[in-house]
Amino acid sequence: MGRIQLDHLTKRFGETVAVEDVTLDVEDSEFLVLVGPSGCGKSTTLRMVAGLETPTSGDLYIAGDHMNYRVPQNRDIAMVFQDYALYPHMTVRENIRFGLEEEAGYTDSERDERVADVAETLGIDDLLDRKPGELSGGQQQRVALGRAIVRDPEVFLMDEPLANLDAKLRTQMRTELQRLQADLDVTTVYVTHNQTEAMTMGDRIAVLDGGRLQQVGEPLELYHEPANQFVAGFIGEPMMNFLHGRRSETGFDSGHIEYPFDERLERTVGDADELVFGVRPEAIDVRRADETSAEGLGPYEFRMTVTVTETHGDQNVVSLTHADDAADHDAVRAVTDGMQIVAVGESVVITIDPETVHLFDGETGDALCNRRLETTQELTI
Ligand code: ATP
């Protein structure tokens, strides 16, 4: 069926290497999200799968067939882009029907039937006689989807299809797209620069940076077990905290914060000298300094001062700086419960449990050690 295989795929534009040696296997019926910052090569990768670009080297297969030089029309794919590109002078019915234009083997009444079926699936059957100009952005996007799915393709390719919608509609369409993809059971590659979209929609996520594939995995795998500092920083919101420093005799030393290693950290860090210490904001425990016991701070506790608070209702995101450090080095962000109010200027004590610590090689960025997951915390729903 719709399995897609990218085998050492590279695309150069003159001096620019847009995609470099990407090997990736998208399983049949899978929803794979390609994510990464602007210019990382997402669209170029998708366009090679679509047949809109020819790979400079490497091989591309869809359903086991070699595709490098096959024209888009003969690939059994359907594409949806950020720009819906609906024909303004055509009705919704005609726009959707246009998706069948190049398909042989349908009678006129079969075409009408297909359009009606698809419109019903997308909940736009009452809009069939309208023109695109008479539709909202979300409705237009549904028509664009309709035009893609009416052909019943082997593979869907989507490039930021929700980017033009407002935040609320985007969230709603996200859920609808997932439902639709599951119902239609069609292999889908979905490009976005938005990590929330990637986390919430993908069966698996492929993270690209600088044309290179950084990691492929299930959303929680990337969140808890990033392969490197780039993935750790890209996946998760607010972003993981990173402190730069060195290995000390007892653990990690940023120059301001000394964090002693337990046996696990000690063992996994190997002989790397330059280190990046990572901890997710939601893994940091924050409490008021005056709640600290008279015995003083424990080894994993640090006194900090609140510099900024952001209220989200259900939670607060607080920026903290080392209490003795006016220069704002080693600032970290932590997530606190929405009911736990902390004020700017307040003195707090944070606790960073060693089980939640990530360590990266300071030179290569490779993950040396990721947070510990209890066997009872298996990544299943
Ligand atoms: P964005 O999210 O901004 O669309 P992207 O991750 O999709 O970015 P690509 O559009 O794939 O990135 O571009 C990858 C790199 O290749 C960029 O450096 C871009 O400038 C370059 N590039 C893309 N298309 C061409 C082209 N036709 N000619 C020359 N360079 C190109």
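How many aromatic pairs does the count come to? The count comes to eight, where rings of Phe, Tyr and Trp (its six-membered ring) pair if their centres lie within 6.5 Å, and planes under 30 degrees apart count as stacked, over 60 as edge-to-face and the rest as tilted. Before the first stop, note that this is a predicted model, in which local features need pLDDT of at least 70, side-chain atom pairs count only at pLDDT 80 or more, and totals for chains, interfaces and linings use all residues. Residues are numbered from 1 along each chain as its sequence is written, and side-chain values use heavy atoms, with hydrogens and water left out.

**Stop 1: aromatic rings**

Select Tyr259 and Tyr300. A pair of aromatic rings is described by the distance of the centres and the angle of the planes. For Tyr259 and Tyr300 the ring centres are 5.1 Å apart and the planes are at 35°, so the pair is tilted. Tyr259 belongs to strand S13 (residues 258-260) and Tyr300 to the loop between strand S15 (284-288) and strand S16 (301-311), so the pair ties together parts that are 41 residues apart in sequence. Strands (E, at least two residues) and helices (H or I, at least four) are DSSP runs, numbered from the N terminus.

Is Tyr259 buried or exposed? Tyr259 is buried, at a relative accessible area of 1%, while Tyr300 is partly exposed, at 22%. Buried means under 20% relative accessible area, exposed over 50%, and partly exposed in between (1.4 Å probe, protein chains only).

Phe302 lies in strand S16 and Tyr259 in strand S13, so the pair ties together parts that are 43 residues apart in sequence. Phe302 is buried, with a relative accessible area of 8%.

**Stop 2: nonpolar cores**

Select Ile96, Ile124, Leu145 and Tyr190. These residues have the most contacts inside the largest nonpolar core, which has 43 residues. A nonpolar core is a set of buried Ala, Val, Leu, Ile, Met, Phe, Trp, Tyr and Cys residues joined through side-chain atoms within 4.5 Å. Helix H4 (residues 137-149) gives the most to this core, with five residues. A second, separate core has 28 residues, among them Ile284, Val286, Phe302 and Cys369.

Go back to Tyr190 and show its surroundings. Apart from neighbours within four places in sequence, Tyr190 is in contact (heavy atoms within 4.5 Å) with residues including Phe31, Leu34, Met158, Leu177 and Met201.

**Stop 3: the largest pocket**

Select Met79, Phe98, Gly99, Arg147 and Arg151. Of the 20 residues that line the largest pocket, these are the closest to its centre. The pocket holds about 610 Å³ of space. On a 1 Å grid over the protein atoms alone, a pocket is an open set of points with protein on both sides within 12 Å along at least five of seven lines, a cavity is a set where a 1.4 Å probe fits but cannot get out, and lining residues have an atom within 4 Å of a point.

Which element gives the largest share of the pocket lining? Strand S6 (77-81) does, with five residues. The lining divides into twelve nonpolar, two polar and six charged residues. Here Ala, Val, Leu, Ile, Met, Phe, Trp, Tyr, Cys and Pro count as nonpolar, Asp, Glu, Lys and Arg as charged, and the others, Gly among them, as polar.

**Stop 4: cavities**

There are two cavities of 30 Å³ or more. Select Ile4, Leu24, Leu32 and Val189, which are among the residues lining the largest cavity. This cavity has a volume of about 50 Å³. Its lining has nine nonpolar residues, one polar and no charged.

Next select Leu122, Leu145, Met173, Glu176, Arg179 and Leu180, which line the second largest cavity. About 30 Å³ of space lies there. Helix H5 (residues 167-184) gives the most to this lining, with four residues.

**Stop 5: Thr10**

Finish at Thr10, in strand S1. Thr10 is buried, at 7% relative accessibility. The C-alpha atoms of Thr10 and Val22 are separated by 6.7 Å, and the two residues are twelve apart along the chain.

Methods:
Points joined across faces, edges and corners; volume = space filled by probe spheres on them.
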